[in-house]
Amino acid sequence: MSRQLRQQLGFTLLGLATTIVVLPILLLVGYILVQGASAISWEFITAMPREGMRAGGIWPALVGTVLLTLGTAIFAVPVGIAVAIYLAEYAHDTSLTRLIRLAIINLAGVPSVVYGLFGLGLFVIFLRLGTSILAGSLTLAIMTLPVIISTAEEALRAVPQSFRIVSLSLGATQWQTVRRVVLPQALPGILTGVILGLERAAGETAPILFTVAAFFLPRLPRSIFDQTMALPYHLFVISTQVPGMPLRIQYGTALVLLAFVLSMNALATVIRSHFRRRRQW
Amino acid sequence: MAGHTRTQRTFSEYLIERLIQTTGILVILFLALIFLFLLREGGATFFEVSLRDLLQTRWYPNEEYFGILPLVLGSLLVTLGAAAISLPLGLLTAVFIAEVAPRWMREVLKPLIEVLAGIPSVVLGFLGMVVVSPLVREYLGAPTGLTALSGSLMLGYMALPTIVSVAEDALDAVPKSYRDAALALGATHWQTIWRMTVPAARSGILTAVMLGVGRAIGETMAVMMVTGNAARMPLTLNSLLMPVRTMTATIAAEMGEVAQGSTHYHVLFAIGLVLFLVTFIINLVAAWAIFRQGRRYGRLLS
């Protein structure tokens, strides 16, 4: 077999593998879209679930997921960006920063259900927050930190060194340089990372199982110490725990969750490409 | 406005730097806290259940049988199956994207694979139940579609985005001069890929493999929804077509129903501790491969 022929065969094989990877993604997303579309209505989105969730809507689950995502953002965003600033702007290559990086990689690898156990042990039981929005948000926030830190650090590092040098040479202090020069330039990149991190938090089920999620609670939460329903857990419940559940409602719920999460993904992509085109360095 | 504003400024600079450094240390603290609280809630296991009873083949907590072997083997089987699917597919796809695909195709493929990473695992689990497991039942003759194989299929796909993006990054980082040298010596593009670029990227590829496997072991919801959750020893060859139960699914399914402080509760935390340690070691290996290469770790996590 000639070398050229072998190369041709090889490239075909690579293309085939890529197709096997990509095609199911398109098919599955399309399938949910087609099957779920018929369930979507104003009432489905904004009504309480009725008759043991076999009728009505998903309003409390949707609100719960929005609240948990916001709660996660409140805790994870400031800490995540601060750590990124430390790593990108202040830290030298010491054993401490190596240890911090190692911790970040390992935090990213902790299984989501283990975060659930941790949240139960620390927030729910030890700090006596109970199963509550607060406990769930804190758990999700710690899980989200690695994504936010790593993308924010990348964004900060992408700002050219000359910007810092000019600012410092004009007499600005290091913090002034970070706050007025580097951060504004890195903001789109940081925002992209934040949204991607929150996207993951919004879709997670295992970390909220024992920390906040309510099986069936047809009212909106009244405070941050309340339990709440949440979309991912709701989808799990209605597809495995409730006998005689209409498939239409399951597909509809899956579609809303998917749309929620993928629209965050799309937003991040748009921000990234928009600012990449506009920036002048 | 000289004198005191200036010292004030230096002082607040100092304060801010300390504050920011503290958040960095916080990250280490969080990891330590996870370990400590798993130990705090799970440690009692080792006083309540003997090691011999833990290493038994029967998991039936209602009657005080706490043998975790079927769960460990269940996780192992499903993860190995996932690796067998996702490693070849992921690496070939990474090579295609990094080395062969034209630029416009790359711009389409990369966001598409990112979409897969963004799909919540519970949605994939749901799809696994309604689409994949009927197929497994129909075409592979499994008595029920909820099998270890269904779990491996789901997990394999869930690990793909990590493997593809990390491996592709590693291939991208190989200097162009390496490829040019190989091509100049008369190698074909195909030979250059396999004898030059891939070997040069191997430590990054190892990272990709480790992170992919680590993700597969820790996955919970999709696995719980499609594997049928029967705690049996998967020892025979046809175990792939039988229901199986993983460590993660056991925790997720049973923690909600146990009494806090009971032996069952402690054992579930101990299983979490085992999971934590296993993924910790896997991530250390992955991290070691990156640090050795002196590369940035950014893209690995997103």
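Two residues are taken to be in contact here if their C-beta atoms, placed from the backbone, lie within 7 Å, and this tour of a predicted model uses that cut-off as it moves from one selection to the next.

Begin by selecting chain A and chain B together, where 70 residues of chain B are in contact with 78 residues of chain A. On the side of chain B that touches chain A, the largest share, 19 residues, is supplied by helix α1 of chain B, which covers residues 3–42. Coloured by class, that side of chain B shows 46 nonpolar, 18 polar and six charged residues.

Next, select residues 3–37 of chain A, which form helix α1(A), along with residues 69–100 of chain B, which form helix α4(B); the axes of these two helices come within 8 Å and cross at roughly 115°, and the crossing is left-handed. Which residues meet here, in α1(A) and in α4(B)? From α1(A) come F11(A), L13(A), L14(A), G15(A), A17(A), T18(A), I20(A) and V21(A), and they meet L89(B), L92(B), T93(B), V95(B), F96(B) and V100(B) in α4(B). This contact of α1(A) with α4(B) has 11 nonpolar residues and three polar ones, with no charged residues.

The crossing of α3(A) and α6(A) is right-handed, and the residues of their contact divide into 21 nonpolar, six polar and three charged.

Methods. Residues numbered from 1 in each chain as written. Chains lettered and ligands numbered in written order. Predicted model: local features only at pLDDT ≥ 70, side-chain atom pairs only at ≥ 80, totals over all residues. Axes fitted to C-alpha atoms, helices over the stretch in contact; angles between N-to-C directions. Helix = DSSP H or I, 4+ residues; strand = E, 2+ residues; numbered from the N terminus. Left-handed = near helix turned anticlockwise from the far one by under 90°. Nonpolar A, V, L, I, M, F, W, Y, C, P; charged D, E, K, R; others polar.
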